[in-house]
Amino acid sequence: MASSSKTLMPCLALVILVSSCCEAREFVLGGKRSWEVPTSPDEFNKWAEKVRFEIGDSIVVKYDSKNDSVLEVSEENYNNCNKSNPIKSYNDGNTKITLDRSGPFFFISGAQGHCEKGEKLVVKVLSAKHSGYVPSSPAPSPVDDHNIALAPAPKKSGGSALKASLKWYLGRHRLNCSFKAVFLDSEMDCGCLHTQLNSNTFLYSKGRNACRKSDLFKCSTQHGLSLLDSLKNRCSNLTLQHNFRISSHHSTHAQALVIKCDHPQNADFPRYYSKKEKKPFPIPIVELRRNARARLKNSKDHPRGPCPPPKRGLVVQKLIPLAYRVLNARITLINNLKKLLLVVPVNACKWCNEIHVGPVGHPFKSCRGPRASFRNGAHEWGEAVVEDILVPVEAYHLSDRLGKRIPHEERFSVPRIPAVVELCIQAGVDQPEYPTKRRRKPVIRISKKEFIDADESELPDPDPEAEKPIILAEIPYCEIVQPANEEETALLAEETLQAWEEMREGANRLMKMYPVRACGYCPEVHVGPTGHKAQNCGAHKHQQRNGQHGWQAAVLDDLIPPRYVWHVPYVDKPLERELRNFYGQAPAVVELCVQGGADVPEQYKPTMRLDIGIPTNVREAEMVV
């Protein structure tokens with residue numbers, strides 16, 4: 001019983017600390033009588049720069065109410081120390097100020113001459129999407145989206161009162177947090193943090209001395225940056241396991257902690273492949289050979305099934321409406337990007353293909369264009385166009401997708417159109433300027449590479465007046481009208497982001513039925529079962545291949561390149577070169593829409609690194625481990 005009570009206190013302390021970390025924080029400005037003329041002019045602002053304030057936090061200001069007061073003013077009155085028209089006024093001597101919105105708060109002293117001597121304060125509150133703050137709301141349902149479940153330990157006798165107390169306390173206080181911890185049956189169950197792992201490994205342990213005071217979880221003073229907040233906001237399927245010993249006599253057995261969420265907390269940026277590297281196969285060649293052998297083995301015992309319609313020269317009827325939606329989504333995306341470029345500035349490098357969404361270009365020296373070494377990798381920024389954001393990928397138009405491969409001699413006589421448009425045409429979209437052969441009967445195979453068309457003379461002629469889906473038209477630049485206000489810009493950004501997702505998701509579905517090939521050495525794409533024979537590959541050492549392409553199965557990013565750009569956390573504050581490792585990246589279309597007012601889609605949050613705290617200066621960044 002004594003052993004159980006000794007272990008109960010650390011475990012209950014852990015539960016209390018976990019519950020308290022989810023509530024709003026309260027900061028005391030300075031010491032007992034803080035609001036007075038400081039010894040240095042920037043003393044209060046230096047204190048505020050070290051704290052990451054969030055919505056819902058509060059600041060307690062203590063002062064002599066007979067001789068001083070606190071005034072909340074505008075930025076202009078703050079700079080001029082103007083006390084004539086304050087937003088709010090406090091003179092109770094022990095003021096508690098609640099930060100109920102994001103953005104800067106400006107405070108000055110109400111005493112004569114104190115503001116000019118440095119008795120003023122600027123507090124910057126992070127927005128909800130950067131801080132992970134969840135506003136207060138009614139109590140959630142008992143079932144939560146983010147559950148932390150600890151692996152079960154072997155059942156032992158005794159300790160039932162301790163288990164019942166822990167489960168009751170967790171059930172009672174789970175409404176204060178956006179997650180709950182479930183302690184399963186064991187004699188002594190407790191969670192603690194190992195100090196050698198910088199408070200970042202959550203352990204599930206058992207034993208007489210399962211948790212020491214030095215190992216108990218402590219709330220981070222930097223709210224929003226602790227492990228608790230990261231698990232609460234974003235994480236993926238994760239298994240953490242670590243073993244440690246408290247002493248030679250009392251060992252602790254660590255078990256796995258599984259955290260289940262939808263998206264990872266952070267994800268690596270897509271790898272950059274130089275011109276000397278070959279892109280990897282979407283499916284490793286060893287796995288392709290293994291699957292081929294398995295198909296050959298299974299085909300001996302089972303009759304061969306029917307080929308899909310595209311291999312027989314037909315179109316998939318149920319995918320025709322999808323092809324029209326993808327084509328219209330592409331046209332909508334182009335038209336909306338032309339409008340957004342009039343209100344959201346985008347810069348493009350004059351020497352390389354890098355772009356940056358923001359009023360000024362980023363300071364990173366990453367230019368790979370001509371004579372970049374003479375400029376020390378610095379970019380020369382200019383105004384961007386739609387083609388810089390939505391990368392144009394062209395492909396040869398096939399009048400018959402089952403016809404012969406395009407030879408090298410006919411490479412200039414075959415028209416080239418956007419690859420997405422060619423994919424939609426092969427999937428059933430009819431465009432008079434790009435005619436293509438439509439078979440109504442499957443072809444008759446003579447051999448693997450030879451076939452003849454079936455007789456369609458007995459079939460009735462297709463109705464030329466049959467109703468077909470409407471295809472949108474691109475708006476020329478001279479007719480583009482920019483949004484009138486911020487609300488209209490936000491709605492346009494949401495519509496643009498929806499068109500981007502619809503185009504990518506629809507093209508990905510079409511690629512599963514209509515094969516697309518990509519060169520492993522250059523960006524060339526061919527929509528068809530086999531690549532063309534045009535010897536126009538200009539990649540590294542293409543002379544050894546006589547300019548021939550190395551065709552392989554294409555992925556969605558080959559057809560629609562996302563073109564990642566740096567994510568700008570604050571539009572009014574340019575990026576700093578020394579803080580490069582703290583910034584995230586996102587596709588150019590997504591970053592453009594986010595700066596236009598659209599919400600950040602869930603699938604792009606890992607690479608945008610929204611949950612990483614950005615230091616306020618270089619000196620603070622150097623202290624980050």
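## Pocket linings

By class, the residues lining the largest pocket of this predicted model divide into 25 nonpolar, ten polar and 13 charged. This pocket has a volume of about 1900 Å³, and among its 48 lining residues Arg-271, Tyr-272, Tyr-273, Asn-353 and Pro-561 lie nearest its centre. Two or more lining residues come from each of β25, α12 (556–559) and β26 (564–566), with β26 giving the largest share, three residues.

The second largest pocket holds about 1600 Å³ of space, and the closest to its centre of its 43 lining residues are Lys-311, Pro-515, Gly-528, Pro-529 and Thr-530. At least two residues of this lining are supplied by each of α11, β23 and β25, the largest share, four residues, coming from α11; by class the lining has 22 nonpolar, eight polar and 13 charged residues.

## The three-stranded sheet

An open sheet is formed by three strands in the order β24-β23-β25, with antiparallel pairing. Because β24 (525–527) and β25 (551–553) stand at the edges with a single partner strand each, one side of each is left without a neighbour in the sheet. On average, and with direction ignored, neighbouring strands of this sheet are turned by 35 degrees against each other.

Three antiparallel bridges pair β23 (residues 516–519) with β25, and Cys-519 stands opposite Trp-551 in β25. Helix α10 (residues 419–426) packs on the sheet, where it touches β23 and β24, and its direction makes about 15 degrees with that of β24.

## Surroundings of Tyr-477

Tyr-477 lies in the loop between β22 (451–452) and α11 (486–513). Leaving aside neighbours within four places in sequence, Tyr-477 is in contact with Lys-338, Val-386 and Glu-387, while Lys-339, 138 residues apart from Tyr-477 in sequence, is 9.1 Å apart from it in space, C-alpha to C-alpha.

Methods
Residues numbered from 1 in each chain as written. Predicted model: local features only at pLDDT ≥ 70, side-chain atom pairs only at ≥ 80, totals over all residues. Heavy atoms only, no water. Pairing = 2+ DSSP bridges. Axes fitted to C-alpha atoms, helices over the stretch in contact; angles between N-to-C directions. Contact = heavy atoms within 4.5 Å. 1 Å grid on protein atoms, 1.4 Å probe; cavity = no way out; pocket = protein on both sides within 12 Å on 5 of 7 lines; lining within 4 Å. Points joined across faces, edges and corners; volume = space filled by probe spheres on them. Nonpolar A, V, L, I, M, F, W, Y, C, P; charged D, E, K, R; others polar.
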